[in-house]
Amino acid sequence: MKAYGVRWALLLPPGLVLFALFVVPVLMMVITSFRPDLRGGPFAWGWDPTLQHYQNVIGGGDYLPLLATSARIALLVAFLACALAYPVAYFLAFRVGRSTSLLLTLLIIPFWSSYLLRTIAWKIILGSNGALNSFLGFLGLTNATAPILLYSRSAVVVTLIYVWLPFVALPIYAGLLRIDRSLLEASADLGASRFQSFRKVTLPLSMPGVIAAFVMVFIPTVGEYVAPILVGGTRGSLYGNIIEILFGDGINWPLGSAMALLMLVGVFILILALAKVLRVRNLIEAVER
Amino acid sequence: MNGPSVELVGVSKRYGEVLAVDDIYLAVGEGEFFSILGPSGCGKTSTLRMIAGFEFPTAGVLRINGMEMTDVPANRRNVNMVFQNYALFPHLSVNENVAFGLRVKGMENSVIDERVAEALAMVQLEGMHHRKPAQLSGGQQQRVALARALVNRPAVLLLDEPLGALDQKLRKEMQFELKRLQREVGITFVYVTHDQEEALTMSDRIAVMNDGRVLQVDDSASLYDRPSTRFVANFIGTSNFLTGRAVRLEGSVGEFEVAGVGTVKAQPAGPISEGSTTSLMIRPERLRLNASEPGDNSVDGLVDESIFVGNDILYLVRLKDGTVFTIRDQNKGPEARTAVRAGDPVRLSWAPAATTIVSD
Amino acid sequence: MISRFRILPAYYAFLVVLLYLPLLVLLLFSFNDGTALSFPLRGFTTDWYEGMLANGQLLAAARNSAVVGVGVSTVATVLGTLAAIALVRYKFPGKTLFLMVAVTPLLVPFLILGVALLILFSALDVDRSLLTVGAAHVVVAIPYTVLIVASRLVGFNRNLEEAAYDLGASFSYFLRRVLVPLIAPAMLAAWLVAFTVSFDEFVLASFTIGREPTLPVFIFGQVRFANRFPQVVALASVVMVLSLGMVLLAQRLQRAWTRR
């Protein structure tokens with residue numbers, strides 16, 4: 001029954017797949033970042049490891065500033081998405097009774113429609129011939145032909161917040177649900193006003209859920225490149241775009257790998273710093289939920 | 001089949017550092033209602049699980065109906081268990097739950113239907129065949145669990161504190177039910193519980209366990225009247241203790257010297273070693289208040305409290321050396337209740353035969 | 001006090017409307033008689049839907065996405081279920097490590113994953129194709145399937161396994177007749193989620209794609225062609241409605257087994 005064999009039969013298939021398609025590729029990318037070039041193909045041996053790509057990125061050029069900018073934008077998007085989603089999550093967790101499930105689903109559905117399409121939708125809306133502009137022109141409110149907002153960093157930020165908003169509400173909602181209601185009753189019993197109860201009890205206790213949501217938005221967004229292409233224009237280009245080019249037309253895989261790795265490391269460091277600042281020890285559990 | 005139904009010979013169970021079951025010997029007779037009684041953590045559940053085959057002894061031998069089954073896994077033993085939380089399959093109807101064991105054996109549908117109907121009738125649950133467990137009350141779920149086990153006609157039926165989740169009244173009803181069922185079916189029952197009243201009510205014999213060891217195996221009356229250790233005396237009912245030094249044995253009466261009380265007489269079952277110190281136990285209902293008879297032991301004290309518990313009155317009496325005795329007296333009406341009050345001096349007396357010599 | 005009560009629901013309503021607006025705008029334009037995606041509207045037409053149905057490339061891309069989606073969902077659900085069973089029911093060394101590795105694909109930017117897989121496939125001299133896209137999607141679908149099935153298993157009464165053995169069942173009988181029937185709704189929900197993840201996924205697909213495009217890749221390529229774009233919008237609307245349907249179904253199932 002508890003035969004050892006069962007355990008391995010269960011773990012081997014997913015384990016192998018994850019190892020071969022996740023762990024190994026990332027390791028290969030790490031290795032590639034130390035190669036001077038790709039002579040001999042990706043699997044060749046006999047090259048001397050070099051730090052030149054790292055030096056390129058860290059030393060001169062706009063790479064690091066751009067990474068910093070991308071990180072800043074990601075932080076902004078994550079922060080604003082969480083802030084905007086919090087009241088909605090609170091509403092669903094505390095104020096609604098029977099129809100919670102329905103309202104929650106209603107909120108989530110947009111997230112499950114194509115990310116690409118929602119971004120394109122914004123491109124359409126914000127463009128100079130776009131819906132927004134033409135709608136306003138139709139109403140006679142404006143006859144400007146310049147695109148409002150489009151092709152800028154702000155467009156990227158707005159679009160990304162819009163895309164992530166429904167998703168962010170979920171972990172925050174789950175975290176709020178788990179708060180023991182009797183704690184709030186105790187707080188009221190001890191004389192706290194509703195706002196005080198919220199500030200001293202609900203808000204701190206909801207933090208694990210918020211942090212989880214924040215991290216789940218922040219990390220993917222640092223590497224975001226699609227939104228910049230569609231709505232960012234030339235000024236909206238981010239770190240991820242450069243990596244994409246290096247693996248596309250601008251063929252320089254080692255450099256691209258180095259940049260990708262630096263991004264990963266940077267993100268990791270930021271998360272650790274965030275964890276220290278916010279004293280979060282149950283981040284993993286929150287993510288698991 | 002004349003030998004014991006279940007036999008544990010020198011069985012121990014170790015979990016890492018912890019010795020849950022420590023070298024126990026048990027022999028359960030065929031057709032017996034046998035209980036294993038003890039506080040939580042005493043090893044009774046581990047023992048039951050070893051009989052069931054979910055755990056295997058770290059040492060010792062286990063036999064069922066004479067055949068060695070020490071390392072045989074659960075699904076190959078002719079033993080069935082009723083779980084504490086019933087463990088009914090939520091996706092199967094009552095019928096299918098009960099039929100599960102029979103289907104595993106590949107019996108024919110007609111035979112299965114017959115046996116299932118029989119089992120459900122036995123536990124008085126006809127008419128519920130197509131319901132799902134979630135639609136049943138706790139008591140009903142428990143009967144389904146019983147039927148599911150019994151339908152397989154096992155050699156031994158194991159019950160793991162099955163009445164724990166039921167309310168008082170239902171518990172009492174089910175206790176009688178189970179006893180009746182066992183007598184009707186004639187199968188050996190091994191019943192695990194921490195409730196001594198339950199064990200005393202239902203069992204033919206009881207094994208009292210603590211800390212992984214079996215302290216005493218006896219029928220209810222013997223356990224109650226002649227507990228072998230202080231722990232057993234305390235666990236089964238309430239006890240009052242005195243510490244005495246053996247003085248001499250005259251005929252069937254033994255005399256003990258108890259500090260602050262004087263000579264206390266007992267009727268020991270066997271020889272006593274003079275000069276040895278031992279515990280003397282008296283049950284609360286054997287003590288009389290201000291009603292001595294010739295030949296009685298007696299001691300004086302002060303009433304601390306009198307507590308009304310419905311059919312009885314409990315008195316807490318403080319002796320000279322500070323020991324508090326509990327006396328249980330029948331409630332014979334309002335006058336009896338006011339006769340003795342807190343603060344009153346009283347004389348407690350009891351017959352020598354009521355003194356039990358207890359080791360430890 | 002009373003005003004606070006009104007603010008929250010109002011905020012919710014406002015946000016939901018804002019979320020749906022662009023989608024509705026798209027839907028609107030898919031019926032618009034004109035290629036420019038701007039106001040004023042020109043008139044109602046179903047031309048674009050008809051054109052979409054005739055557009056071979058478009059339909060081929062959609063079919064590719066569907067095929068990949070089905071394959072990915074099935075593989076990811078099976079693998080995720082196996083992993084979930086192992087994680088919830090058994091102890092083994094390195095459990096935490098395994099869990100982390102299983103969940104991490106969700107935390108790594110897809111750009112990096114896509115790039116890493118590109119390196120892997122070219123090193124192994126594997127031609128990029130729909131198969132490689134499928135492989136990439138399986139990796140990112142597994143965290144979802146593991147979490148969905150595991151959360152169902154966690155609430156699963158452990159005694160049920162022992163009860164089955166007690167009644168004579170073998171491990172395989174237990175799996176077939178007790179465990180799988182009970183987690184089937186969760187597995188289905190996981191399947192649907194994995195399908196949606198794969199069907200709409202763009203970044204990984206664009207790095208691992210071969211000659212045959214998936215739908216998102218195709219759509220991305222069509223963005224610049226204004227005259228063909230409304231057909232894309234029409235298809236997008238259809239896809240959107242279908243995805244909605246699937247997600248609602250998944251939600252239904254999750255609610256059904258939570259009630260047990």
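Two strands pair if DSSP finds at least two bridges between them. Helices (H or I, at least four residues) and strands (E, at least two) are themselves DSSP runs, numbered from the N terminus. With those terms in hand, here are some close-up views.

This is a predicted model, in which local features need pLDDT of at least 70 and side-chain atom pairs count only at pLDDT 80 or more, while totals for chains, interfaces and linings use all residues. Residues are numbered from 1 along each chain as its sequence is written, and chains are lettered from A and ligands numbered from 1 in the order in which they are written.

**View 1. Strand β11(B) and its two partners.**
Find residues 240–250 of chain B, which form strand β11. On one side, β11(B) pairs with strand β14 (residues 277–282) of chain B in the antiparallel sense, over six bridges. Look for B:Asn240, which stands opposite B:Ile282 in β14(B). Strand β11(B) is also joined by six bridges to strand β12 (residues 253–258) of chain B, and these two run antiparallel. Here B:Arg248 has B:Glu255 in β12(B) as its bridge partner. The hairpin of β11(B) and β12(B) has two residues between the strands, and B:Gly251 takes a positive phi near 65° there. Strands of a sheet pair through backbone hydrogen bonds, either parallel or antiparallel.

**View 2. An open sheet of five strands in chain B.**
Which order do the five strands follow? The order is β15-β19-β16-β17-β18 (chain B), with antiparallel pairing. At the edges stand β15 (288–289) and β18 (324–330) of chain B; each has a single partner strand, so one side of each is left without a neighbour in the sheet. Strand β17 (residues 312–319) of chain B pairs with β18(B) in the antiparallel sense over seven bridges.

**View 3. Two loop residues with a positive phi.**
Most residues other than glycine have a negative phi, and most peptide bonds are trans. B:Gln124 is not a glycine, yet has a positive phi of about 60°. Its place is in the loop between α3 (109–122) and α4 (138–150) of chain B. Is B:Gln124 buried or exposed? A residue is buried if 20 or more other C-beta atoms lie within 10 Å of its own, exposed if 12 or fewer, and partly exposed in between, with C-beta atoms placed from the backbone. B:Gln124 is exposed, because 11 other C-beta atoms lie within 10 Å. B:Asn290, also not a glycine, has a positive phi of about 50°. This residue lies in the loop between β15 and β16 (297–308) of chain B. B:Asn290 counts as exposed, with 12 C-beta neighbours inside 10 Å.

**View 4. Chain A and its helices.**
Chain A has 13 helices and zero strands. Of its 289 residues, 44% count as buried. The predictor's confidence in each residue is called pLDDT, from 0 to 100. Chain A averages a pLDDT of 78, and 81% of the residues score at least 70. Where in chain A is confidence lowest, and where is it highest? Confidence is lowest in helix α13 (residues 283–288) of chain A, at a mean of 48, and highest in helix α3 (residues 63–95) of chain A, at 88. Over residues 282–289 of chain A, pLDDT stays under 50. Where pLDDT is low, the predicted coordinates should not be read in detail.

**View 5. The largest nonpolar core.**
A nonpolar core is a set of buried Ala, Val, Leu, Ile, Met, Phe, Trp, Tyr and Cys residues joined through C-beta atoms within 7 Å. The largest one here has 267 residues, and those with the most contacts inside it are A:Ala89, A:Ile172, B:Val190 and C:Val115. Two residues are in contact if their C-beta atoms, placed from the backbone, lie within 7 Å. Leaving aside neighbours within four places in sequence, A:Ala89 is in contact with A:Ala169, A:Ile172, A:Tyr173 and A:Leu176.

**View 6. Where chain C touches chain A.**
This contact takes 65 residues from chain C and 66 residues from chain A. On the side of chain C that touches chain A, the largest share, 12 residues, comes from α1(C). The residues of that side divide into 58 nonpolar, five polar and two charged. In this count, Ala, Val, Leu, Ile, Met, Phe, Trp, Tyr, Cys and Pro are nonpolar, Asp, Glu, Lys and Arg are charged, and the others, Gly among them, are polar.
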